[in-house]
Amino acid sequence: MAVDTLDLHIEQPGQVVGFLGPNGSGKTTTIRCMLGLIRPTAGSITLLGSEMPAGASLALARVGALVENPKFFEEFTGRRNLRLLGRIHGIQRKEIDQILNQVGLADAADMKVRKYSLGMKQRLGVAATLLKDPELLVLDEPANGLDPAGIVEMRRLLRDLGDSGKTVFVSSHQLGEIEQVCDEVVIIDHGKVVTSGPVDKIVNASSSNALIVTIENTEQARKVLEEKGFTVSSRTNNQIEVKPAPENPATITQILADAGIYLTGLRSEEGNLEEVFLGLTEGRSGDML
Amino acid sequence: MKTFFRLLGSELERFSARRMARVLLIIAIGIGVLVGTITFLVTDKHSAPNQDEFERCLETTSSYEGDWEGNCWNWVDDDRFHITWLLGDSTEDWSETRPSPEPNRTEPFRGLQGILPAIGGILAILTGGLIGASFFGAEYRFGTIEQVLLWEPRRNRVLLAKYLTTFIGSALVAIIGSLAIAFSLWPTALAKGTTQGVDARFWIDLLSTAGRIGIAAGLLSIISGTVAIFTRHTAGALMSLLGYQIIGGIIINIWIKWLAPWDPLFNAGAFLSESDTTKWAKESGFGQTYWVEVSANSYLVAGSIAFAIASAFAILGFIVFNRRDVS
């Protein structure tokens, strides 16, 4: 069973929601179920107020979706592929040109898709999702195959879409990108949601609450701090980790100075999404999608 | 309805750009050119029948008591290449064997003796089989069916548009191909034979033959397209159809003879060639029981059977396409 008892609600419009999970965790299956491509054996899915898959025609008219790799006719140009899709909804040529421009494919619009790089195909996939001017965008690995500049552009595009009031549901394996661009994040594993909520809240909740002290004499500093009730562990030759971090980090400076030890660096150990992800998914990051 | 026509337009445009359709069209025209060239090269020029010359020959022959048949027959025998032959010219009459409330129906059996129905049959199988299987198989192979369903999730509409497209597309390729074959024979008729007999009736027959070849190709494309929906693969569909044709044909003709009149290809072939279908009937005589081939249905009934079989396949296609997940 790819997805089991997955309970997922996205109610606030205009958000960029990241969808994370290791390989085989059920991300793509969930997305396919959401879009009515797969029928769940049990449970219900409501997309933009419509029961899926029964209400797919109503819901999908307001959804732009890119599932896994973009699928286009390789022998057609990028523009023609978009025109064929746009024709179904009566989308005009002018709008197609605007979208191609928006995703940076204006110059390659008349090139056959088989000559496109993976990144260009990815952009064309995103362009296809934008054609309907959707309220909700569902993007499965949109940055796949993009070069660093493309990734930055994609990040900007996703953020702009969110800021313009569209809800963006994006799955990605680039945790740094998700952390930068998303308001909320949903992490699933083995077909179940392991955590969800605002990105900063999730990251802070699982941060180690420690201070990293850089100092010459780590052994002496450890002794002094342990006497004061802190838990100290070595990080490197001249770094120690002090837990719990006091409310005012200057307390550590004061304790060490009183003992005649002078630190050369002090910073709080901040958590990040990658650590949260690895912690929640038992480190199965090596085979993430 | 408007959305459906937009969808159909989109599918037709996609079809028109398909390499398979273009290649088949080129092959069909190529076959036409080849047939025309070979016919032109191997056809001898003969004289038209001439009554005056015949009578003069008879007089001359009788004056020296010669063999008038050997000497003069070429003046009454018409050995010229007739363009009208391309539609078939058999006079074999199967009406006596047909179990019919009108036992004395007199229309002749027009078997696959005309070049157009004969090549048209091959053309219909090629275009219908290949186009149907590749049009649907490619959707699964490239995953484009998913893209289409994200734009138009009403699967019945999508499939109906695809069936109509493959029907229209295959029919057009087969019709153009068969007309190319027909017109490729024209130079031979003009230079070495005759266009005698080309009248309004001929043109109607030619167009209706081409039309029937097109309809047969369209019906076969629906069957092969449906098989491609089942297999989700072009090659899988083609192998299944070929397997049926080879193995199924043997099984039907040896062990389940009663099924033969229901074979879709058999009925499509009879329909496009305007011929009766035949069936095996048991007869007794001289103390033995043996099988004889007798007429089963007229070409219109055969066409209706082919249509019914294609429709049954299409219904199965709708059921499978609606129930199956797209992944």
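These legends walk through a few views of a predicted model.

**View 1. Chain A as a whole.**
Chain A is built from 11 helices and 12 strands. Its C-alpha atoms take up a box of roughly 75 × 45 × 30 Å along the principal axes. How does the radius of gyration of chain A stand against that of a compact globule of 289 residues? The globule would come in near 19 Å, while chain A has 24 Å.

**View 2. Inside chain A.**
Of the 289 residues in chain A, 39% count as buried. Now take the contacts between residues at least 6 apart in sequence: 69% of these link residues at least 24 apart.

**View 3. Where chain A meets chain B.**
Here 21 residues of chain A and 23 residues of chain B make up the contact. On the side of chain A that touches chain B, helix H2 (56-60) and helix H3 (78-88) of chain A are the elements giving two or more residues. Which of these gives the most? That's H3(A), with four residues. Sorted by type, this side of chain A has 12 nonpolar, four polar and five charged residues.

**View 4. An open sheet in chain A.**
Four strands of chain A line up as S10-S11-S9-S12, with antiparallel pairing. Strand S10 (231-236) and strand S12 (265-269) of chain A sit at the edges, each pairing on one side only. From one strand to the next, the twist averages 25 degrees.

**View 5. Zooming in on one strand pair.**
Strand S9 (residues 210-214) of chain A runs antiparallel to S12(A), and five bridges join the pair. Look for A:Thr214, which stands opposite A:Gly265 in S12(A).

Conventions
Residues numbered from 1 in each chain as written. Chains lettered and ligands numbered in written order. Predicted model: local features only at pLDDT ≥ 70, side-chain atom pairs only at ≥ 80, totals over all residues. Rg over C-alpha atoms; globule rule 2.2 N^0.38 Å. Buried ≥ 20, exposed ≤ 12 C-beta atoms within 10 Å, placed from the backbone. Contact = placed C-beta atoms within 7 Å. Nonpolar A, V, L, I, M, F, W, Y, C, P; charged D, E, K, R; others polar. Pairing = 2+ DSSP bridges. Axes fitted to C-alpha atoms, helices over the stretch in contact; angles between N-to-C directions.
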